Amino acid sequence: MVDTKVKLCGITLTNPVIPASGTFGYGEEFAKLYDLNLLGTFSFKGTTLKPRFGNLSPRIAEGKNGVLNAVGLQNPGIDQVIKVELPKMKKFFKKPVMANVSGFSIDEYVSVVKKLNKCPQVGWIEINISCPNVHGGGMAFGTDAKNAALVTKAVKKVSKKPIIVKLSPNVTNIVEIAKACEKAGADGLSLINTILGMRIDLKKRSPILKNTFGGYSGDAVFPIALRMVYQVAHAVKIPVIGMGGISSAEDVIEMMLAGATAVEIGSANLVDPYAAYKIVKDLPRVMSHYKIKALKEIIGGCK
């Protein structure tokens, strides 16, 4: 019998598998396919203070072993999420959920976090300072250590829940930014968000994405994500959630050996809506194969 439990910022997860924000909506569609309570938790769709339509189409483009997206944080706004989405979620998900928050100013981040304080369903707040496909917000905070620290300090000051800061890979030194967030009070870090990329339509000789650039994710980014998780996990003392190209139970083990306490599954959900389900189900087999009795014992175990 193997033990898949891990503890994330003081809250115990039955397993470390967390579908990532932006690939799982508010869970309703996936709940029609399988019982979401078998997941560790999930990070719901990136939510802003006010409703957002997102970027113009086309905003998805396929790549080699991955996909580009420039959705642009389309969401109904925090008030609608609290009024409509969370009550619906309560009917099919009985565990604490992770709320993903984006903003275009520090005040916006703070306002959303204050509203989420009143939501008992929310266990953690994931602060997205790393969205690469939104003009004028998101990544502007995540690419500078000083700005990342300012956001972290501001939301931590008002939050009654653990703050997990989501980091951008589109930087020269991700460790510097991670350490700045830790010093500013972050309870945890999640990384990596998507890598800035583009595709060109050969016939039109113009960008495929209306936004020109988008965030690249999928299998191809796994080695990059693994390297960054390893670097950050060895530089900070707070928990790290690893993500980027994870699509199997073996990938989960590899990410945890690099230093991740938990993992987020992103693009794999878009390819196969049962991806997270299959990974959770396969974890005990893979653990037994590699003679792992408890996942918590292998965190950061890469020598």
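Author: Of the 91 residues in the largest nonpolar core, Ile-127, Ile-129, Leu-167, Leu-189 and Leu-191 touch the most other members. Please keep in mind that this is a predicted model.

Reader: What makes a set of residues a nonpolar core?

Author: Its members are buried residues of the nonpolar kinds, Ile and Leu among them, and they are joined through side-chain atoms within 4.5 Å.

Reader: Why is strand β7 described as largely enclosed by the rest of the structure?

Author: Let's count its residues. Seven of the seven residues of β7 (residues 122-128) are buried, so the strand is largely enclosed by the rest of the structure. Buried here means under 20% relative accessible area.

Reader: How do you know that β6 and β7 pair?

Author: Pairing needs at least two bridges between the strands. Five bridges join β6 (residues 97-101) to β7, so the two count as paired, and they run parallel.

Reader: Why is Cys-9 said to be in no disulfide?

Author: A disulfide needs two cysteine sulfur atoms within 2.5 Å. The nearest cysteine sulfur to that of Cys-9 belongs to Cys-181 and is 13 Å away, so Cys-9 is in no disulfide. By this rule the count for the model comes to zero disulfides.

Reader: Is Cys-9 buried or exposed, and how do you know?

Author: The relative accessible area of Cys-9 is 19%. The cut-off for buried is under 20%, so Cys-9 is buried. Cys-302 has 39% relative accessibility. That value lies between the cut-offs of 20% and 50%, so Cys-302 counts as partly exposed.

Reader: What makes the peptide bond between Ser-57 and Pro-58 worth a mention?

Author: Most peptide bonds are trans. The bond joining Ser-57 and Pro-58 is cis, with omega about 0 degrees. Pro-58 is found in the loop between α1 (28-31) and β4 (60-63). Another cis bond runs from Leu-191 to Ile-192, with omega near 10 degrees. Ile-192 lies in the loop between β9 (188-191) and β10 (195-197).

Reader: Which value of phi does Thr-212 have?

Author: Phi of Thr-212 is near 70 degrees, a positive value in a residue other than glycine. Most residues other than glycine have a negative phi. Thr-212 sits in the loop between β12 (206-207) and β13. Lys-291 is not a glycine either, yet its phi is positive, at about 55 degrees. The place of Lys-291 is in the segment after α10.

Reader: Why does Lys-291 count as exposed?

Author: Exposed means over 50% relative accessible area. Lys-291 stands at 75%, so it passes that cut-off and counts as exposed. Thr-212, at 27%, falls between 20% and 50%, so it is partly exposed.

Reader: What lines the largest pocket?

Author: This pocket holds about 940 Å³ of space. Of the 45 residues that line it, the closest to its centre are Thr-23, Asn-69, Ser-217, Ser-267 and Leu-270. Elements that give two or more residues to the lining include β5 (66-69), β13 (214-217) and α10 (275-289). By class, the lining has 17 nonpolar, 22 polar and six charged residues.

Conventions
Residues are numbered from 1 along each chain as its sequence is written. This is a predicted model: local features need pLDDT of at least 70, side-chain atom pairs count only at pLDDT 80 or more; totals for chains, interfaces and linings use all residues. Side-chain values use heavy atoms; hydrogens and water are left out. On a 1 Å grid over the protein atoms alone, a cavity is a set of points where a 1.4 Å probe fits but cannot get out, and a pocket is an open set with protein on both sides within 12 Å along at least five of seven lines; lining residues have an atom within 4 Å of a point. Grid points are joined across faces, edges and corners, and a volume is the space filled by probe spheres set on the points. Helices (H or I, at least four residues) and strands (E, at least two) are DSSP runs, numbered from the N terminus. Ala, Val, Leu, Ile, Met, Phe, Trp, Tyr, Cys and Pro count as nonpolar, Asp, Glu, Lys and Arg as charged, and the others, Gly among them, as polar. Buried means under 20% relative accessible area, exposed over 50%, partly exposed in between (1.4 Å probe, protein chains only).
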